[in-house]
Amino acid sequence: RQWELATSTGITQPGTLGGRSLSLGPAAFQQFAISRPMRPGSPTTLHLTWTVTEHESLLESEFFGYRGNYRGKTVNTFGALATRSRPLFRSTSLHYGGGVEGGTWADDHRLLVDQNGQEVRVAFDGALTARASVRLDLGGGIGVETGIEHVRWLISGLGETRTLFGLTLNR
């Protein structure tokens, strides 16, 4: 295995593991990754990721004169992770690791609000990421994977846990 492409989808839950929710509710996300082992046969793999999350506020607001609006924003983030893999069963393996992520959170319409009702303005935020997943190899370079990823944003204090399910292709 030299290169791997993966696509995942899932739900992220803000306000988990001690992180702030900033008045965001659960949201859908999609993640795309390209990966390569550090060296042939190595259990350590390096991943470059692009994650797109459809965050939405839990707070009702007014937007361009329309009341009852719930502010939303598509947040694009890019990351680099290192994971290790361990065989579990015949065609099943455990993958775990961590890395960093960065994304643009700029919004002019009070998307991020703390528990005191104060707007949290962050243009760009960096995060630490921890990940664990289980992969089932279906053969022919195709696999399915399910797991969790915890992301702690450093400037805003937002903590979110992503539950994911995905498809992997490798050669």
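Leu136 counts as partly exposed because its relative accessibility is 34%, where buried means under 20% relative accessible area, exposed over 50% and partly exposed in between (1.4 Å probe, protein chains only). The model is predicted, so that local features need pLDDT of at least 70 and side-chain atom pairs count only at pLDDT 80 or more, while totals for chains, interfaces and linings use all residues. Residues are numbered from 1 along each chain as its sequence is written, and side-chain values use heavy atoms, with hydrogens and water left out.

Leu136 is placed in strand 6, strands being DSSP runs (E, at least two residues) numbered from the N terminus.

**Aromatic pairs**

A search of the whole structure finds three aromatic pairs, a pair being rings of Phe, Tyr and Trp (its six-membered ring) with centres within 6.5 Å, counted as stacked if the planes are under 30 degrees apart, as edge-to-face if over 60 and as tilted for the rest.

| Pair | Centre to centre | Between the planes | Type |
|---|---|---|---|
| Trp50 and Phe78 | 6.2 Å | 5° | stacked |
| Trp105 and Trp153 | 5.5 Å | 75° | edge-to-face |

By contrast, Trp50 is partly exposed at 37% relative accessibility, and Phe78 is exposed at 52% relative accessible area. Ring pairs link Trp50 and Phe78 with Phe32 into a cluster.

Definitions and conventions: Helix = DSSP H or I, 4+ residues; strand = E, 2+ residues; numbered from the N terminus.
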